[in-house]
Amino acid sequence: MESLKEKMMHTTLLLLTERKVDVVLGFQRGTVPLMSQPILIRHPEGTDQLHWDSFCSTNLANFLPQRKERIAIFAKGCDSRNIVLQILENQIKREQLYIIGVPCQGMLDRRKVQAELNGRQLLGVRETSGHLHLVGEGFMDSLERSSYMQENCAICTHRNAVIYDELLAEPVSEQEGVDRYEDVKAIEAMTAKERWSYFEKLLAPCIRCYACRNSCPMCYCPVCFVDESMPQWLGKSIDPNDTKTFHFLRAYHLAGRCTDCGNCEQACPMSIKVRQLTKKLEKDIIELYDYEAGLSLDQRPPLDTYRPDDPQEFIG
Amino acid sequence: MVDRVIKKTELADFVDRLMEKHRVYAPVRQQDMTDFQEISTADQVDLSFANTTLSPKSIILPQSEVMFEFNLDRTSEQAGILHEIETDHFPRIIFGIRPCDAKAFHLLDLNFNTPSQRDPWWVRRRQITTLVGLGCNTPCPTCFCTSVGSGPFATEGLDLLLIDGDDELVIQVITEKGQGLLNDLGVEAEASGAKKEVVSALQESSLQSIKSVVPTEGLKQHEANALFNADFWEEVQFPCINCGVCTFVCPTCWCFDIQDEVLKGNGLRLRNWDSCMFTLFTLHGSGHNPRSQKLQRVRQRFMHKLKYFPDKYHKGVACVGCGRCVQQCPVNIDIRQVFLLMNDFKV
C-alpha cells in the first residue's frame, strides 16, 4: 500500500506542477483510525496530504457531478464504472477528467474491525500484505485481512478500472467463481409474507438521514423525489411505510446504474444492509438485459434507452 | 445530599423497582450497536457500552411525533380545527445516560423552555423524566467533553449519577428529584469513605485518560462576520455529502420541521427532526434558498454551534464533546478540527 500512496503523490505532483489538471481528487489520512477523508488538492504543495490504505472506500465519483474544472481522480474499479455512467448521463464530461486507475483488492469494513475490539480502544492500524495490525491502549492484534472486507468487496468481480488515462499499478487478478447473488436468492426463495417481514426488519432502524442516498455517486438529482412537495411523493417521518417507500424507490432508481461500490452501507449510521435491495435489481437487470452497469462508454444503461427487442413479460 | 451505594448484584432488582412506577429507557445492545430503548426486563440493560449510536434526545424530542389531528370536511363544524393528540405522560427514567448527554438536555432547554416561549411537549416530557446517569470510567478516544464544559463524571443536568466502583455502584445524589427517587426505592445504604476514595481515584484516572482536547477561548473573541468570511470553510466543506448523520446523532441539535399529512380530508400535523444539512432546510416558499450551496450549509452548522449559540446565550458552545459526529460522519469531517480552525483564526 505504501508504494501505491507514493505513486499517487508522484502523479499528483506531476499533474499539478504541469497544470495538466486544475484539481486532484484523493484521500487524506482520517482523524480517527479506520477512516479516511476525501480531499481536493489544488496546489502541488498539497500533495503531501495524500493517503491510501484499505479504508479509502469512499467513492470519489460522488464529488464529480456538475463540477466544471479539469479534474484528476483516483478511481478503483467500482468508482471508474460510476464515472462511465456519469459521463453517459451528462453529469461530467470525459474531456474534463484525468482518471487514474487504482487496482483494488478490496476495502475493509471499519465496523467489522471495530466489532473485534470489544470495547478496547484502538489507537492506530498498520497494514502488511494480507494482514491488518491493530495497535491499541494496552494491546496489539493482528487480523487476517480477508475476513474483514466490506461485503461488496468480498464478492467484487471488477477490481480494476474499466476506464482510465493512467494506471497506477499493474492490474490485479479478478476474483472467479463468485456467486454475487447468494443472499438475493435466499430472499427470492421466501414467501411474500416472509419477504415483507424480512424487509420490515431490515429497514426498521432507518432514521431517514439519507446518508445512503448522499454517499451514492448515482444519486445526484437536483431535487430528490423525497424532497418533492408539489405534489409530495411520500411522508418525511419515520413511518415504516414511508421509509420502505424511500428505500424501495431509490433502489429502483438505481436499477442498471448501481455498481455495488458499497458506500451506502458504509455511510449508514445504523449499519442497515441496504444493498439487499439494489443487488436484487442488479440481478434482474443482468437477467433481463444482459447488462452490467458502467463497464463501457459504448453501452447505455437499459432503463434509459429503448430497443425493440427489450423483454416485455413484466409489462402488463 | 449523601452519596448512596448499591451492590452490583442488586442492580437488576434496582432496575426492576424503577420499572414499577416508570417507563425506563436504558442502553440495550443489539448486535454491534447499543441504543436507548424502553425496557421491560432488567436483563435487557447493557452498561458495558462506551456511548450509544444515537443520543437519548429522542426520548424527550421524538424524531417523528403526531401533534394534532384535523378534518377538512367543510360540512363539519370541526373543519380545520386542530385537535391536540394526547401524549403519554407516564413518568420516565433515562437510565445509564452519560454526563455529556445530560448536559445536552440543559442546552436544549435554552431553546425549548424560555421565559418568552415554551414548547409544551418538550417541557412536559422534561418534567416527567428523571435522569439517572452513568459516569464514564473509560472515556472514548473521540470524547472531548472536558473542553466544552462537561466531563466523565460531570453532574450538570443529572438527577442521580451512578459510578461503577467494581462490586458496588456509588450513587451521587444531584437533585431533589433524584433524592425523591431514591427515597421511593428505599435506597438508604450510604457510601463508605473507602468507596468514595475509590470513586475519587476513578474520576482522576478518567480525566487523565481524555486525550482529545479542543481550544475554545478564541471562539468568543473573534468577530462573527470575520469567521463567517474565513477562507478555511472551502476546505472544511469539500468532503461533506450533506446527509443528516451529524445532526441526527448529535445530542444538542434541535431543529425540526412541522408538516401536515392529509389523506381524503383527514389530516395529521406532525413534527419531524430536520437538518440544516438538507438542501430544503432554508428553501423559501418563493423558491429562493439562502443556503443553496453546500459551503453555506456546512458553515452554518459550525457557526451556529460554536459561535452564534455561545454569543447569544453565554453558556458555552452548543456541543458537549460526545464525539458521535466524529465517529459517524461517513467522510470523517471532524468537528475538533473545525474548533481548531475557528479558534485559531487570524483575519
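How many of the 12 residues in helix 2 of chain A are buried? Hi everyone, let me start there, with the reminder that this is a predicted model. The count is 10, so that helix is mostly covered, as 10 of its 12 residues have 20 or more other C-beta atoms within 10 Å of their own. The buried ones are G77(A), C78(A), D79(A), S80(A), R81(A), N82(A), I83(A), V84(A), L85(A) and Q86(A). And what do they pack against? Their partners are strand 3 (71-75) and strand 4 (97-101) of chain A.

After the helix comes N90(A), which has a positive phi, near 65°.

Now, on to where the chains meet. Here 30 residues of chain A are in contact with 32 residues of chain B. On the chain A side, the elements giving two or more residues are strand 2 (36-41), helix 3 (110-117), helix 7 (211-215) and helix 9 (263-267). Strand 2 of chain A provides the largest share, with 4 residues. By type, that side of chain A has 12 nonpolar, 14 polar and 4 charged residues.

Last stop, chain B itself. Domain 1 covers 4-59 + 74-209, and domain 2 covers 217-343. Their C-alpha centres lie 26 Å apart, and 23 residues of domain 1 of chain B are in contact with 20 of domain 2. The domain 1 side of that contact is made up of 12 nonpolar, 8 polar and 3 charged residues.

Definitions and conventions
Residues numbered from 1 in each chain as written. Chains lettered and ligands numbered in written order. Predicted model: local features only at pLDDT ≥ 70, side-chain atom pairs only at ≥ 80, totals over all residues. Domains from an automatic or database assignment. Contact = placed C-beta atoms within 7 Å. Nonpolar A, V, L, I, M, F, W, Y, C, P; charged D, E, K, R; others polar.
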